[in-house]
Protein chains: 2
Amino acid sequence: MFRLARRFRPAVFALTVVSLGAGPVLAQSDPLPSWNDGATKSAIVDFVNAVTTEDGPNFVSPDERIAVFDNDGTLWAEQPVYVQLFFAFDRIKALAPEHPEWKTQEPYASILKEDFKTALAGGHKAIAEIVAATHAGQTTDQFAEEVAAWFSSAENPAKKRPFSKMNYQPMVELLAYLRANDFLTFIVSGGGIDFMRVFSEDLYGVPPAQVVGSTGKLTFEIKDGAPVLEKLPEVDFVDDGPGKPVGIQMHIGQQPLMAFGNSDGDLEMLQYTCLAPGFSFCAFVHHTDAEREWAYDRDSDVGKLDKGLDAASQNGWTLIDMKDDWKTVFPPEGGN
Amino acid sequence: MFRLARRFRPAVFALTVVSLGAGPVLAQSDPLPSWNDGATKSAIVDFVNAVTTEDGPNFVSPDERIAVFDNDGTLWAEQPVYVQLFFAFDRIKALAPEHPEWKTQEPYASILKEDFKTALAGGHKAIAEIVAATHAGQTTDQFAEEVAAWFSSAENPAKKRPFSKMNYQPMVELLAYLRANDFLTFIVSGGGIDFMRVFSEDLYGVPPAQVVGSTGKLTFEIKDGAPVLEKLPEVDFVDDGPGKPVGIQMHIGQQPLMAFGNSDGDLEMLQYTCLAPGFSFCAFVHHTDAEREWAYDRDSDVGKLDKGLDAASQNGWTLIDMKDDWKTVFPPEGGN
C-alpha cells in the first residue's frame, strides 16, 4: 500500500503492478545514433531492455525508473573551467564600475586581469565567494533573465563555440531514449540550481522541477505589491560529493535506478545508486578525447576522476570512453 | 529560447507553443462528483477550461500548469492536532522504555500522560523538539518503514477513522481532474517531507518527487557496505509561511498557476501564486463543517485562518466552504 524504498519491496511487487508504459521502445530506428556500436552502447540498451521487459526477471515499474545525471562534464563540457564561472567572471566585469575596491581585492583583481588561474587558487572557498558576489542581491526572476541574456552570446574561449552548444549530443540522445522508456530524468549537479534551470529544458529536455543543484538562501517579500524571491549571498546547500545523495533524497525521494557522472564529486551518487542491493546501472563519462573535447582524469583541477576510476573498476561500473564510444561530441551549430 | 518566469514571457509565446495536451477534458461525466454544483465548483472548472482552451485568451501551455496544495487541513484533516504529531506521540510511547528521563521531562512527560495540550504549550519549538527526538537517529528507509507500519493501524481518536482515510475525497478528485488536464500537482506543506512521501502517492496520486515539505539534515554513509542516509536531529528547512514560496522555488523552480491552502501558513504561497501579474487561481479550504469534519478559522490553535480570510476577501480568492461545497468529505472506509 505505502511507498517503501525499491530495495525493500518484495520482488513479486513489481510483477503485480500494472505497467503504465508500453514496454521497451524497440530500436527500429537507432535511438542513440551518435553512439558507436560496441560494449558501452550495448550495456545501456541491454539494461533498458531488461528493466522495461514486463515478464522479465529485472522488470522495474515505470514509477521507479529514475535516472540521475551530473551536469558539468557529464552533460556538457566543463573545461577550461565550469560554465557558471565564466558567467560569474562576466558579471564581475560588468559590476566592476560599482566596486572600485575590486581592483586590488582578490579574487576580483585577478578576474579583472583575466588571470583566472590565480583567481581560483583559493579553491571552493574562492568559487563560493565569486558566486555569492555575482548571483545575490537580485530577484530569482532578474537572475534568470540575466543568465538567459548571457547565454544568447557567450562562447567558450577555448573552442570558440557558444556555451549553449557545448552539451553532448550522445547524452541528449540518451536522456530522450530513457524518457521514451518511461524514465524520469533528473539533473543532480554541483552547479547552481537557478542557473541550470534557465537552460535545462532547452539543452536537455529536463524541466525545472527535475533539476537538483546547489542553492543559495532565498527570502520572500512583497515589493511594490508584487511577490518576489530575493537571492541572498549565503550558501544554503552544496549538491556535490556526499551532498548528492542528500539532494536526491530531498528532491526526488527515491533511490535512482541509473546514475551518470564524470568526476569524484559524483562518486557518492553512484554509490547510492549502485551499491545497494538490486538491479541498477552506473557509469562515468571518461574524458579521453583531447582532439574533439578534452582529455583529463586523475590529475585534473576541474572534474578530477581518480577515486571514481578505482570504484568503477572495483564495482564493474561502465566507463563511457568519449573518444571511442561517441561518433559525435557536440550538436551541430546554428539553428535552434 | 531559454526559460523565463511565466509573467516575463510575451503573451504571444503561449500561442506559438505546440500544445502537448489534448485541450480541456470535457465533463461528459462529472470529474468532480463529490462537489456540489455552485459558484465554487464553477470557478474551478471555468478556470481549468480557460487555461486549456488553445485558442482562448488565457491559454497556458502544459509545461506551465503547476498546481500547489498544502496538505494538513487542505488535503486531509488536521484536527485535533496534525497527523504527524500523533505519529510522534506514538513513537515517544514506544521509545519511552529506553528514555526513563522522559517521565519527568517536558514535553515527553505530558505526552506519556496523554496530556497533549500541555505537551504542545511550547508551540513550534516544542513541536520541533518532539519531531527531532522521534524522527532522527535512523535511516530514511527505516523511517519510511516505520511510518508505513504506523499508518496500517493508526486511527484519529476523535473520529475513530483510520488516518489513511482522512484525506478529503473532493480534493482527491480535484487533483486527478487537474492532472487529467495536464497539470503537474505538487504538495507544498509544513509537514515533514519524508513523512508525507510514504502516503502521498497512495492518498493523492502525488509521487515522491512532487512533495515539498520541511526537512531535517541528512548525512550519507556506507554502512556495512550499503549506502544509507541517516536522519539527524537538526532542522534544515521549514516549509511554512514565507518558507513556502522558497520551497516552491527550490523544488519546482516555477511560479504556480493554481494554489490551495487552508491556513495563514499558506498565505505567502497564495500571494506568490496570485499577486503577480497574469491569470491565476487561489483558494482556501474553509473549515465550516462541525458535523462531518471540524469548524474553525480565526481562533484556532491548529490551522488558524485569520489574515488569510482577509486576504481572500481583498484579492477575490475563492473560499471553498466545506459544508456547502462538498457532497462528501472523506472517502468510503474499507478496501483500498
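**Figure 1. Glu114(A) in the loop between α4 and α5 of chain A.** In this predicted model, Glu114(A) is exposed, because 10 other C-beta atoms lie within 10 Å and a residue with 12 or fewer counts as exposed. The phi angle of Glu114(A) is near 60°, a positive value in a residue other than glycine. The loop that holds Glu114(A) runs between α4 and α5 (116–119) of chain A.

**Figure 2. Asp182(B) in the loop between α8 and β4 of chain B.** Although Asp182(B) is not a glycine, its phi is positive, at about 65°. Is Asp182(B) buried or exposed? Asp182(B) has 20 C-beta neighbours inside 10 Å and therefore counts as buried, the threshold being 20 or more. The loop in view lies between α8 (169–180) and β4 of chain B.

Figure 3. Pro107(A) is placed in the loop between α3 (83–95) and α4 (108–112) of chain A.

**Figure 4. Helix α3 of chain B and its packing partners.** Helix α3(B) comprises 13 residues, 83–95, which at 1.5 Å a residue should span 18 Å; the end C-alpha atoms are 19 Å apart, in agreement with that expectation. Its buried residues are Val83(B), Gln84(B), Leu85(B), Phe87(B), Ala88(B) and Phe89(B). These buried residues pack against several elements of chain B, namely α4 (108–112), α5 (116–119), α6 (123–135), α7 (140–151), β4 (184–192) and α9 (193–196).

**Figure 5. The crossing of α11 and α12 in chain A.** The axes of α11(A) and α12(A) come within 7 Å and cross at roughly 55°; the two helices are therefore oblique to each other. From α11(A), Lys244(A), Pro245(A) and Ile248(A) meet Glu268(A), Met269(A) and Tyr272(A) of α12(A). The contact consists of 4 nonpolar and 2 charged residues, with no polar ones.

**Figure 6. The crossing of α11 and α12 in chain B.** Helix α11 (residues 243–251) and helix α12 (residues 267–274) of chain B have axes that come within 7 Å and cross at roughly 55°, which makes α11(B) oblique to α12(B). Lys244(B), Pro245(B) and Ile248(B) of α11(B) meet Glu268(B), Met269(B) and Tyr272(B) of α12(B). By class, the contact residues are 4 nonpolar, 2 charged and no polar.

**Figure 7. The contact between domain 1 and domain 2 of chain A.** Domain 1 covers 33–47 + 60–78 + 167–325, and domain 2 covers 83–156. The C-alpha centres of these domains of chain A lie 24 Å apart. Domain 1 contributes 16 residues to the contact and domain 2 contributes 17 residues. On the domain 1 side, β4 (184–192), α9 (193–196), β5 and β6 of chain A each supply at least two residues, and β6(A) gives the most, with 7 residues. This side divides into 10 nonpolar, 3 polar and 3 charged residues.

**Figure 8. The contact between chain A and chain B.** Here 46 residues of chain A are in contact with 46 residues of chain B. The elements of chain A that give two or more residues to this side are α7 (140–151), α10 (200–204), β5 (211–223), β6 (226–237), α11 (243–251) and α12 (267–274). The largest share, 6 residues, comes from α7(A). The chain A side comprises 29 nonpolar, 9 polar and 8 charged residues.

Technical notes:
Residues numbered from 1 in each chain as written. Chains lettered and ligands numbered in written order. Predicted model: local features only at pLDDT ≥ 70, side-chain atom pairs only at ≥ 80, totals over all residues. Helix = DSSP H or I, 4+ residues; strand = E, 2+ residues; numbered from the N terminus. Expected span 1.5 Å × (residues − 1). Contact = placed C-beta atoms within 7 Å. Nonpolar A, V, L, I, M, F, W, Y, C, P; charged D, E, K, R; others polar. Domains from an automatic or database assignment. Axes fitted to C-alpha atoms, helices over the stretch in contact; angles between N-to-C directions. Parallel < 35°, antiparallel > 145°, perpendicular 65-115°, else oblique.
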